[in-house]
Amino acid sequence: MANLKTNSVTANYLNGSLSIPIPQERRKGNGNNLVIKGASGNNLKHVDVTFPLGKLIVITGVSGSGKSTLVNETLQPILSQHFYRSLKRPMPYDSIEGLDYIDKVVNVDQSPLGRTPRSNPATYTGVFSDIRSLFVNLPEAKIRGYKPGRFSFNVKGGRCEACSGNGYKTIEMNFLPDIQVPCEVCHGKRYHRETLEVRYKGKSIADIIDMTINQAVEFFENVPDILRKIKTIQDVGLGYIKLGQPSTTLSGGESQRVKLATELSKKDTGKTLYILDEPTTGLHFEDIRILMDVLQKLVDRGNTVLIIEHNLDVIKLADHLIDMGPEGGRKGGMILATGTPEEVVKNDIGYTAHFLKQLFE
């Protein structure tokens, strides 16, 4: 137990000197509701569920209580069909009301940003297009007649063809994992010499995609379009990752936060519904605090955030809880309690109320 006295972030959370505070007051929402009636997929007992908009909503309950069936298998497919003509059929339900009060649905999960090492935070957030445009408009690029494709490592023209713009070559090992070695022609720069000769403030395009987010925020402080997108990545606590870091090397939590940063950097209408399924999986206490700060900002802008979660640090931050149960499987599928965490504790029904009560004492 001596380790609890060290001055590390983990020790401070464990010994109680650091914690995620309970909000002083809960949001009132915008007065509009999304209502599903008669949801009966899997073990759901023909439930009617009201989602108050403009709030941080958390759905709780033991494993198998029907949370995923309600959100991922019923609500999300209904919304995806309505907004995007998705082909996924929702689980059985009678009716839905309130679709006019939202204008899109966004699922923010921990899946990789892309399936290949070519995808990275710069390409995912769209800031790479802005950086390429900046280079195209430099006097040196104009003299040479370079177009945006010249500064892309995904198309022929400016990239190193020896490695097809990867920056490395893969050596297949028969009985061992493949080995990646830097390209002997471009030495990991991804571009050929002529492309690298065009420089902005002394840096080539390869130098820029090798910068960390923190370095890039400083470097682009006078370029508002680029700064806005990379500053949001810094704000979600990812200042240490590189702009061009392959998405396959990012953890699930990092990928999720890059997605949230992308959403934060967009000019939204304040009528979006964000859905997250257990976003705290694999996250440290401090990462959970940063993630929740980001989600709170989205709600502050008028949006609705809907989270399926077991973590008490997230549950206690909710403006509105929907607790499902009482057990899993056939003994689940009912709505036990709804309301603020304080109201759920007062009801004193189910496991969530029991564990929440200990936080409020």
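Biologist: Which helices are among those covering the buried residues of helix 4?

Modeller: Ground rules first: this is a predicted model, where local features need pLDDT of at least 70, side-chain atom pairs count only at pLDDT 80 or more, and totals for chains, interfaces and linings use all residues. Residues are numbered from 1 along each chain as its sequence is written, and side-chain values use heavy atoms, leaving out hydrogens and water. Helices are DSSP runs (H or I, at least four residues) and strands likewise (E, at least two), numbered from the N terminus; buried is under 20% relative accessible area, exposed over 50%, partly exposed in between, using a 1.4 Å probe and protein chains only. With that, the cover includes helix 3 (121–125), helix 5 (139–144), helix 7 and helix 9 (224–235).

Biologist: How many of the 10 residues of helix 4 are buried?

Modeller: The buried ones are V127, F128, I131, R132, L134, F135 and V136. Helix 4 spans residues 127–136 and is largely enclosed by the rest of the structure, because the number of its 10 residues that are buried is 7.

Biologist: What is L295 in contact with, leaving aside neighbours within four places in sequence?

Modeller: L295 is one of the residues with the most contacts inside the largest core, as are V305 and I307. Setting aside those sequence neighbours, its partners are L260, L276, V305 and I307.

Biologist: And how many residues are in the second core?

Modeller: That core is separate, and its members include A39, F51, I275 and L306. Its residue count is 25.

Biologist: What volume does the largest pocket have?

Modeller: A pocket is an open set of points on a 1 Å grid over the protein atoms alone, with protein on both sides within 12 Å along at least five of seven lines; a cavity is a set where a 1.4 Å probe fits but cannot get out, and lining residues have an atom within 4 Å of a point. Points join across faces, edges and corners, and volume is the space filled by probe spheres set on them. This pocket has 14 lining residues, with G188, R190, I209, D210 and G244 nearest its centre. The volume comes to about 350 Å³.

Biologist: Which helix supplies the largest share of that pocket's lining?

Modeller: By class, the lining has 4 nonpolar, 5 polar and 5 charged residues, where Asp, Glu, Lys and Arg are charged, Ala, Val, Leu, Ile, Met, Phe, Trp, Tyr, Cys and Pro are nonpolar, and the others, Gly among them, are polar. The largest share, 3 residues from the stretch 205–209, comes from helix 7.

Biologist: How much space lies in the largest cavity?

Modeller: The whole-structure search turns up 1 cavity of 30 Å³ or more. Its lining includes Y101, K271 and N303, and splits into 3 nonpolar, 7 polar and 1 charged residues. The space in it is about 40 Å³.

Biologist: Is G41 buried or exposed?

Modeller: G41 sits in the loop between strand 1 (33–39) and strand 2 (47–52). Beyond its neighbours within four places in sequence, G41 contacts T69, M91 and P92. Its relative accessible area is 1%, so G41 is buried.

Biologist: R85 has a positive phi, so how accessible is R85?

Modeller: Phi of R85 is near 55 degrees, and R85 lies in the loop between helix 2 (67–84) and strand 4 (95–97). R85 counts as exposed, because its relative accessibility is 74%.

Biologist: What about phi of E278?

Modeller: E278 is in the loop between strand 8 (272–277) and helix 11. It counts as partly exposed at 27% relative accessibility. Its phi is positive, near 50 degrees.

Methods:
A nonpolar core is a set of buried Ala, Val, Leu, Ile, Met, Phe, Trp, Tyr and Cys residues joined through side-chain atoms within 4.5 Å. Contact means heavy atoms within 4.5 Å.
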